[in-house]
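Welcome! Take a moment to look over the sequence and the structure before reading on.

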Amino acid sequence: MYTVRKVTEDLYWVGGDDLRLELFENMHPIPRGVSYNSYLLLDEKTVLFDAVDWEITQDFIRNIELVLDGRPLDYLIVNHMEPDHCGSIEELIIRYPKIKIISSEKSFMLMHQFNYHVDGHEDQVQEGDTRNFGKHTVTFVAAPMVHWPEVLMTYDITSGILFSADAFGSFGALGGALFADEVNFDRDWIDDARRYYTNIVGKYGPFVQSALQKAGTIDIKMICPLHGPVWRKDFGYLLDKYDKWSRYEPEEKGVVIIFGSMYGNTQFAAQALATRLCDRGMTNVKVYDVSSTHISYLISETFRASNIVLACPTFNLGIYPPMKNYLIDLQALNVQNRTFTLIENGSWAPKSGALMAEFLEEELKRMTVMDETMSINSSLKEIDEPDLDSIVEALLEAVKE
């Protein structure tokens, strides 16, 4: 039995899905699982592009042996030396003791740091180097900090395939469908792809821009990432998303309301605002509880939308802690170019609004805080209607196409 898919006439996907893992990098929820992609080329020499996480090594080896059909494995190219792609390296060496591992200097340094025993198997390359395996010649494209410093993508000059490491990847198990055009990507995959990029790679936008510029100089006919579907058409759709995300430009005009609420009163204010926006015809409105929504989803939504409303109570004369944690994550991931509207609540000394504004303007880059704000004393009342209406009007104007 096998789970192999043919990518081209002589290239095979031999990776696997992990549906048991609950938290990617032990942080990010992946309710739809994740794929670990590996690709095996059958030329005069046999070449494996990246390995997989130890968790699926048994299935991985079964797939490799099926495709090799008795041939030895000559080369392993390691584009990205992270354990979820290299956990099976030593097993490959045991089974194929003559294997040569092609990778960058920094990658081999990291292999030794992770205590992978690869001595005697190294073939070190750098950007611009080439290797020939018979019909296929490949070259290497440096992509540092996308999202580790050692990343060296591989471009197959013969077939036009870019083995893109973690770039252009996504959360989500493949479930048999290998290609992006075999699924409804915009309906079923884009949220996972955005959440993957924004939380895993998002901090390094300038490095992604550099990689995109390099990609623009080569004739790409297919993109084979290490997670998620393979792309063989509609590159413009994918590259447009990556261009916007890496420039920290909003993907869509819309409003995301993120609230923190201790007893439900700030939540009511957030829902009242969302109700009025939708009643006025706005269709792109989403509401999230900062206390019960995993931060990876909040970061993803902040990358997606143009306007963010933050509503939270004052806590110990400061920002409500879950909201403060969200703001700190924005800072850590270098999020920029968003417009914020602030709603504070307080029973005797409301300060969270001013403190959130101070953080956004002083600790983050190119953030705009709208003049229209609201300060609630414990609960929303009729006296607050004018301020709420003012926020509604400002947001409606802001998201006009």
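## A residue and its surroundings

Leaving aside residues up to four places away in sequence, Asn79 touches Asp50, Glu150, Val151, Leu152, Met153, Thr154, Phe163 and Ala165. Keep in mind that this is a predicted model. Asn79 sits in the loop between β9 (75-77) and α2 (83-86). Is Asn79 buried or exposed? Its relative accessibility is 1%, and residues under 20% are called buried, so Asn79 counts as buried.

Now for the wider view. An open sheet is built from 7 strands, which follow the order β1-β2-β7-β8-β9-β10-β11 with mixed pairing. At its edges are β1 (5-8) and β11 (122-124), each pairing on one side only. From one strand to the next, the twist averages 25°.

In general, the strands of a sheet pair through backbone hydrogen bonds, either parallel or antiparallel. Here, β10 (residues 100-103) pairs with β11 in the parallel sense, over 3 bridges. Ser103 has Gln124 in β11 as its bridge partner.

## Helices and the sheet

| Helix | Strands | Angle |
|---|---|---|
| α1 (residues 57-68) | touches β2 (11-13), β7 (39-42) and β8 (46-49) | about 15° with β7 |
| α4 (residues 105-113) | lies across β10 and β11 | about 120° to β10 |

Technical notes:
Residues numbered from 1 in each chain as written. Predicted model: local features only at pLDDT ≥ 70, side-chain atom pairs only at ≥ 80, totals over all residues. Heavy atoms only, no water. Pairing = 2+ DSSP bridges. Helix = DSSP H or I, 4+ residues; strand = E, 2+ residues; numbered from the N terminus. Axes fitted to C-alpha atoms, helices over the stretch in contact; angles between N-to-C directions. Contact = heavy atoms within 4.5 Å. Buried < 20%, exposed > 50% of the residue type's maximum accessible area, 1.4 Å probe, protein only.
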